Amino acid sequence: MDQLVKINSKNIVYKGGVDDKLMLKYILRRLLVTLITVLGATVILFIIIQFLPGDPATVILGPRATPEIIEELRAKMWLDQPVYVQLFRFLYNIIRGDLGTDVLNYMPVRTLVFNALPHTIVLAITSIFIASVIGIPLGTYAAAYKNSLADKITGLLSISMIAIPAFLAGVLFLLFFSVYLDWFPAMGGGKEGDIISQIWHLILPAGSLALGWIGYLARIMRASVLEEMTEDYVRTARSKGLRERTVVFKHVLRGALIPVIAVIGVGFGNLLGGAVITEIIFHRPGLGTLIYHAIQSRNYPIVQGGLIIAVLLYSLVNLLADLSYSFIDPRVRSD
Amino acid sequence: MKISKSLLKRGLLLVLVMALVFSSGIVVYGAGDEVVKSRMRLGEDIENLDPAHLVRGYDIALALYNKLLKYKPGSSELVNDAAEEFNVSDDGKVITFKLKEGIMFHKGYGEMTAEDVKFSFERIIDPEQNSEYAADWQTLDHVEITGKYSGKIILTEPLASLLVTTIPFTPGSIISKKAYEELGNKFATNPIGSGPYYMEKWVPEQELILGRFEDYFGQKPNIEQIELYPIGDKNISEMNFDKGDLDVTEISLDSIDRYESDSDVDVHILSTLKYGFIGFNHKYAPFDNINVRKALRYAIDVDMIINGAYSGVPKRANAMIAPGILGHWEDAPQYDVNLEKARELLEKAGYPDGFEVEMISTSNPLYMNTSQIVKENLRKIGIEVNIKLIETSAWYEYVGKESHPIMFFETFSLTLDPGYWVEWFTTDQVGKWNFLKWSNSRYDELADKAAVTMDLEKREEMYIEMQKIMDEEAAIIWITNGAKAYVSNKRVDPVFLGHYNQYRYWKIVE
């Protein structure tokens with residue numbers, strides 16, 4: 001609900017009508033904020049990684065490492081330098097588009113990250129898509145028939161879905177739809193270059209990741225529609241003699257969608273988090289799997305490179321979500 | 001098409017449309033699938049396949065590279081691999097070899113010559129390489145080329161492990177000199193050997209495909225492709241196996257019963273090259289007191305740990321070196337639970353009311369369960385164990401640097417050579433991998449001596465004596481050498497060496 005209040009207050013700021021200049025200024029300001037956020041997050045993450053217990057040389061090399069090998073590895077990760085030098089070099093390299101090199105096999109981290117990234121983005125977008133396509137109509141329907149039996153059932157279903165964590169849904173889906181019914185493949189991201197195989201491999205992981213979001217979006221949509229129905233323009237529309245269905249689906253829906261979009265924006269980041277476990281369960285390639293394994297083996301360059309891309313992605317999605325309000329809400333448009 | 005049918009029955013319009021679209025995809029997927037392949041779980045993804053640096057993926061290296069000698073299928077007996085002749089001089093310092101002619105390297109890198117052997121071995125002791133295997137070749141002076149296919153390996157001292165874990169294993173891999181010089185660092189992920197399989201494709205974190213090398217000089221395997229999937233979680237890979245997506249996978253020990261009742265599945269129980277033990281640091285009271293250590297030995301129920309934490313699968317170990325490895329101490333005494341004796345010993349040590357102590361564990365169920373059993377066992381003699389959970393990667397740092405008495409359960413991965421087993425309890429390793437911080441000069445002396453003793457009987461005696469010393473000092477509580485379990489379907493006949501997969505000998509059964 002916090003989100004809802006925040007968004008509405010933003011609307012009020014621009015309610016008087018937004019001209020293009022103001023919009024541009026707003027976009028620029030948001031861009032700047034995003035940039036600062038990314039920079040800040042990068043620095044914080046970098047520092048946190050420094051405090052991770054466990055010497056990477058020990059973890060990576062095991063008992064075979066001689067002091068010379070350990071020294072070499074530490075040098076490769078710049079661990080022999082002061083933290084501020086490491087940070088500076090890291091930031092400088094990022095600006096040049098260099099995310100570093102995997103210390104074990106000399107592969108550029110950029111290659112590893114950008115090979116994994118599309119899989120994660122596709123997974124998250126598909127999940128959001130599934131969640132929206134099912135959750136939004138479900139919530140709208142529940143609001144339109146408030147307090148009916150259907151509304152109550154929808155409510156119960158939504159809460160149940162929210163209560164099931166994605167990893168549990170993943171395992172259950174895997175057992176039921178893949179092992180037991182044999183409808184879907186159980187592992188992998190699909191054959192390279194074969195779109196249909198890839199989509200086929202996407203359904204279960206995206207579905208399990210979407211499940212909680214279906215419930216969540218349905219609840220938010222219901223609340224949002226109900227709130228929107230109390231607005232003056234709804235009364236006007238009704239008094240003009242419009243049918244209730246037209247009022248709800250044509251007018252109310254647009255305004256009610258704004259908080260949902262905001263939630264989706266923020267939710268995309270959470271989805272990236274949930275995707276880690278989902279990717280592991282379904283043995284899917286992706287940013288989550290990449291970072292997870294890199295943390296386990298203390299392969300710092302991959303952890304850092306992967307995380308900064310994740311932060312960038314998260315900030316970008318939030319930026320886009322923020323900017324999209326104005327295109328959806330008629331009150332934000334200049335009229 | 002089974003998929004679309006089952007969906008049709010359910011009459012779900014939306015799903016039906018999707019199924020129609022996707023089932024056509026499956027046909028496409030299946031159509032190109034003419035190669036004979038086997039799909040298999042790989043515990044963790046490979047990182048670096050250069051034999052001078054690989055610390056994971058030994059199984060893969062066994063398939064990619066030829067050595068002068070190799071292990072016979074499923075046995076520790078050595079036979080010639082790339083070598084046609086192989087002789088060790090009486091003093092153990094000169095090894096003469098002659099390569100088979102016509103051994104080709106993968107991907108068109110030409111024929112293997114003595115030059116490649118020289119390059120492969122000397123590279124490992126080159127300080128610039130900083131190879132993890134330098135110690136395995138520690139007494140190598142140089143390799144002398146005496147002909148296109150022949151040469152001499154000149155050693156400064158004989159080295160007993162040379163014929164166990166160096167020449168027939170990873171550090172003995174012969175790589176293409178030309179390929180390494182061309183590829184440099186890229187060799188790590190583009191390995192060029194001459195083994196029956198070559199690395200066809202690697203998608204990090206997703207799959208590794210080994211393709212059959214059609215110009216392989218020996219008997220070619222009948223599997224054309226082995227697809228390996230880095231699936232970390234055994235439960236997940238069991239599901240994939242059940243579904244038929246994998247032909248072979250490692251399973252958790254808990255699942256053995258389930259698969260043994262399935263006639264379509266072969267279960268392979270392998271002993272691991274590991275030791276699992278309860279350790280305590282000898283530097284601090286109360287563990288510096290031998291009577292305390294003896295009391296623990298009588299109080300900790302090893303069988304209960306094997307049943308509770310290892311699902312009752314592996315055999316109990318009473319000493320360090322596992323059966324089948326040189327130096328196994330067959331008659332090692334077994335200390336069964338005797339609480340009365342344990343209490344007496346504690347009293348003798350000056351702790352009649354017991355004491356409180358920290359035991360560290362990772363969240364790995366094996367470690368957690370063992371720690372909990374130990375806690376319950378020791379409570380009976382008045383010792384209060386506080387279990388502290390530490391993340392795996394941080395565990396080593398903690399156990400290496402702690403400055404107070406702690407207990408821990410640990411397993412350690414080893415090789416086929418006993419020298420590698422005993423090494424981790426020497427004084428040299430205190431502060432590194434000797435987590436016990438136990439030190440015994442006679443033990444150290446024997447470890448050094450055994451490493452250069454070529455007479456197998458004498459070497460064996462020394463290793464047994466070392467284990468006797470540990471036993472007398474109650475230095476450690478051995479639990480087991482562990483076990484691993486694999487399942488395979490009837491299509492594939494897998495072959496193992498210890499717990500390593502010998503992919504080169506795997507067969508499709510048809």
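Two strands are said to pair if DSSP finds at least two bridges between them, and strands themselves, like helices, are DSSP runs numbered from the N terminus, with at least two residues (E) for a strand and at least four (H or I) for a helix. The structure is a predicted model, in which local features need pLDDT of at least 70 and side-chain atom pairs count only at pLDDT 80 or more, whereas totals for chains, interfaces and linings use all residues. Residues are numbered from 1 along each chain as its sequence is written, and chains are lettered from A and ligands numbered from 1 in the order in which they are written.

In chain B, an open sheet of five strands with mixed pairing has the order β15-β14-β16-β13-β17. Because β15 (384–389) and β17 (477–480) of chain B each have a single partner strand, they stand at the edges, and one side of each is left without a neighbour in the sheet. Strand β13 (residues 274–280) of chain B runs antiparallel to β17(B), to which three bridges join it; within this pair, B:Phe277 has B:Trp478 of β17(B) as its bridge partner. Helix α11 (residues 365–379) of chain B packs on the sheet, where it touches β13, β14 (356–361), β15 and β16 (406–413) of chain B. The direction of this helix makes about 165° with that of β15(B), angles being taken from 0 to 180 degrees between N-to-C directions of axes, which are lines fitted to C-alpha atoms, for helices over the stretch in contact.

In chain A, the axes of helix α11 (residues 244–281) and helix α12 (residues 287–296) come within 7 Å and cross at roughly 90°. The two helices of chain A are therefore roughly perpendicular to each other, a term that covers angles of 65 to 115 degrees. Residues A:Ala275, A:Val276, A:Glu279 and A:Ile280 of α11(A) meet A:Gly288, A:Thr289 and A:Tyr292 of α12(A), where contact requires that C-beta atoms, placed from the backbone, lie within 7 Å. Seven of the ten residues of α12(A) are buried, so this helix is largely enclosed by the rest of the structure; a residue is buried if 20 or more other C-beta atoms lie within 10 Å of its own. Among the buried residues of α12(A) are A:Leu287, A:Leu290 and A:His293.

Between the chains, 39 residues of chain B are in contact with 47 residues of chain A. The largest share of the side of chain B that touches chain A, six residues, comes from α2(B).

Conventions:
Angles under 35 degrees count as roughly parallel, over 145 as roughly antiparallel, 65 to 115 as roughly perpendicular and the rest as oblique. Two residues are in contact if their C-beta atoms, placed from the backbone, lie within 7 Å. A residue is buried if 20 or more other C-beta atoms lie within 10 Å of its own, exposed if 12 or fewer, and partly exposed in between; C-beta atoms are placed from the backbone.
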